[in-house]
Amino acid sequence: MGLLAKTKSRVEIDLDAVKHNYREVQKKVKAEVKILGVVKADAYGLGAVEAGRVLEREGIEMLGVTNVAEGKELREAGISVPILVFGPFLQEEMRDIIDSNLTVTIGAREGLVFLRQVPAGINRKIKVHLKVETGFGRTGFWPGEVVEAACELKSMAGVELEGVYSHLATAMWREKGYAQSQFRLFKEAMDALEAAGFRDLIRHICNSAALIELPNMHLDMVRVGTVLFGQYPNAHLRESLSLRNPWTLKTRVVSLRELPPGHNVGYSKAYKTKHKTKVAVISLGFADGLQVEPMLKPSGFMELLKRMLKPLLQYLDIKRAAQPVFFEEGEGRVIGKAGMQLTMVDVSNVPGLKIGSWATVPVRRTAVSPLMPRVYFENGEIKSFREGRIITTEAKGLAAK
Ligand SMILES: *Cc1c(COP(=O)(O)O)cnc(C)c1O
């Protein structure tokens, strides 16, 4: 032990905030609507096991992940609520699906073929949700194909068809026309299933944005991740739900010095000091997830314009470019390019900093390395500590920060 005291960067997770957000989600749905907590991608950076555990304790009906391996990790940690795997799986994953009692999504014929090969004598049926393609263009049967797929599943001894769902592409937009058209296609599939005698399926289509703004689509279950973990699918949704942030990336100052005017900072001489500058080095870099943004083709002309204008505004100092770093004593800005594990911060306006001072750095959560230590707080106390993939729950001996 003692490792906790030695970490120079860590993610702090407030499990009470997750509980609070879960209750906010509960308030949005009727009592009979089930809630599926999405804990894919390591629970959006919180850590899937601890996030899954707290949601299970709160009584969540189901958890969702993308991959079989993610579901297996939760089972190995002792989580026993139903787990729905959203993504397609490969034949060699059938063993883990059975052993870990995972519910799978079938959205194409290959999945049916894999299920056909399930050994007859397994002691519990594999639960299946059918996925319907309604406009996301990823996975799913066409609405006109679902009844045939459902009948085929019904004919398999080791399989139980439990649900049917689809996924919305634009629920976070103000403009709801496309979401409505997806819902109409989904309804076609639901109606056809019902007419064919499949009456007790769990039907679901809502993600976080739809939970808030499309209550007519709640059906039997909603699938939420973003709001559970304290983020809003879109800024205009801030008023509709009072969420708490459970996730903070913290790092420490490992060096402090003053640079003269005109001194280069970092790789490629990307920054030069204008004045005498107080510079802190923080124990964080791009290998930890700092400043990694995907470059995508602009989605439209306005998006293109915004992207082109941003550097101009930044050059004119109208829009601040640099990554902020928040200290208890004040706010600094990253200068130069982030290094792999060490990054320079202008702290000229932050009084009283010392080597070892803590800072909070806002970054994209899912970009932060899973190897970064996670410290879990509950009721204001350290509850557990994850280093790499190993969780230590024995609170004794965990040095407070
Ligand atoms: C990620 C995901 C969700 C959750 O979406 P949020 O907007 O984060 O709530 C729901 N369903 C599926 C299939 C997903 O992949």
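**Exercise 1. The ligand and its polar partners**

Which backbone N or O atom lies 2.9 Å from an oxygen atom of the ligand? Work from this predicted model, and then describe the surroundings of the ligand.

*Solution.* The backbone atom belongs to Gly 225, whose N or O lies 2.9 Å from an oxygen atom of the ligand. Turning to side chains, a polar atom of Thr 226 lies 2.5 Å from a ligand oxygen, and an N or O atom in the side chain of Tyr 44 is 2.6 Å from an oxygen atom of the ligand. Of the 390 Å² of accessible area that the ligand has on its own, the protein covers 90%. Helix 3 (40-44) and strand 9 (221-224) are the elements that give two or more residues to the shell. The ligand is surrounded by residues including Val 38, Phe 86, Arg 138, His 167 and Asn 207, and the shell divides into four nonpolar, five polar and three charged residues.

**Exercise 2. The pairing of strand 2**

Determine which strands are joined to strand 2 by bridges, and in which direction they run.

*Solution.* Begin with strand 9, which runs parallel to strand 2 and is joined to it by four bridges; here Gly 37 has Val 224 as its bridge partner. Continue with strand 3 (residues 62-65), which also runs parallel to strand 2 and is joined to it by three bridges; in this pairing Val 38 stands opposite Gly 64. Finally, consider the cover of strand 2 (residues 34-38), in which four of the five residues are buried.

**Exercise 3. Thr 103**

Decide whether Thr 103 is buried or exposed, and list its contacts beyond its sequence neighbours.

*Solution.* Thr 103 is placed in strand 5 (residues 103-106). Its relative accessible area is 4%, and because the cut-off for a buried residue is under 20%, Thr 103 is buried. Leaving aside neighbours within four places in sequence, Thr 103 is in contact with Ile 83, Leu 84 and Val 85, with Lys 127, Val 128 and His 129, and with Glu 162.

**Exercise 4. Ser 369**

*Solution.* With neighbours within four places in sequence left aside, Ser 369 is in contact with Ala 287, Asp 288 and Arg 374. As for Gln 323, which is 46 residues apart from Ser 369 along the chain, the C-alpha atoms of the two are separated by 18 Å.

Note on methods. Residues numbered from 1 in each chain as written. Predicted model: local features only at pLDDT ≥ 70, side-chain atom pairs only at ≥ 80, totals over all residues. Heavy atoms only, no water. Near = heavy atom within 4 Å. Polar contact = N/O pair within 3.5 Å; in protein donor to acceptor, adjacent residues only side chain to side chain. Areas by Shrake-Rupley, 256 points an atom, 1.4 Å probe, with all protein chains shown as cover. Nonpolar A, V, L, I, M, F, W, Y, C, P; charged D, E, K, R; others polar. Buried < 20%, exposed > 50% of the residue type's maximum accessible area, 1.4 Å probe, protein only. Contact = heavy atoms within 4.5 Å. Pairing = 2+ DSSP bridges.
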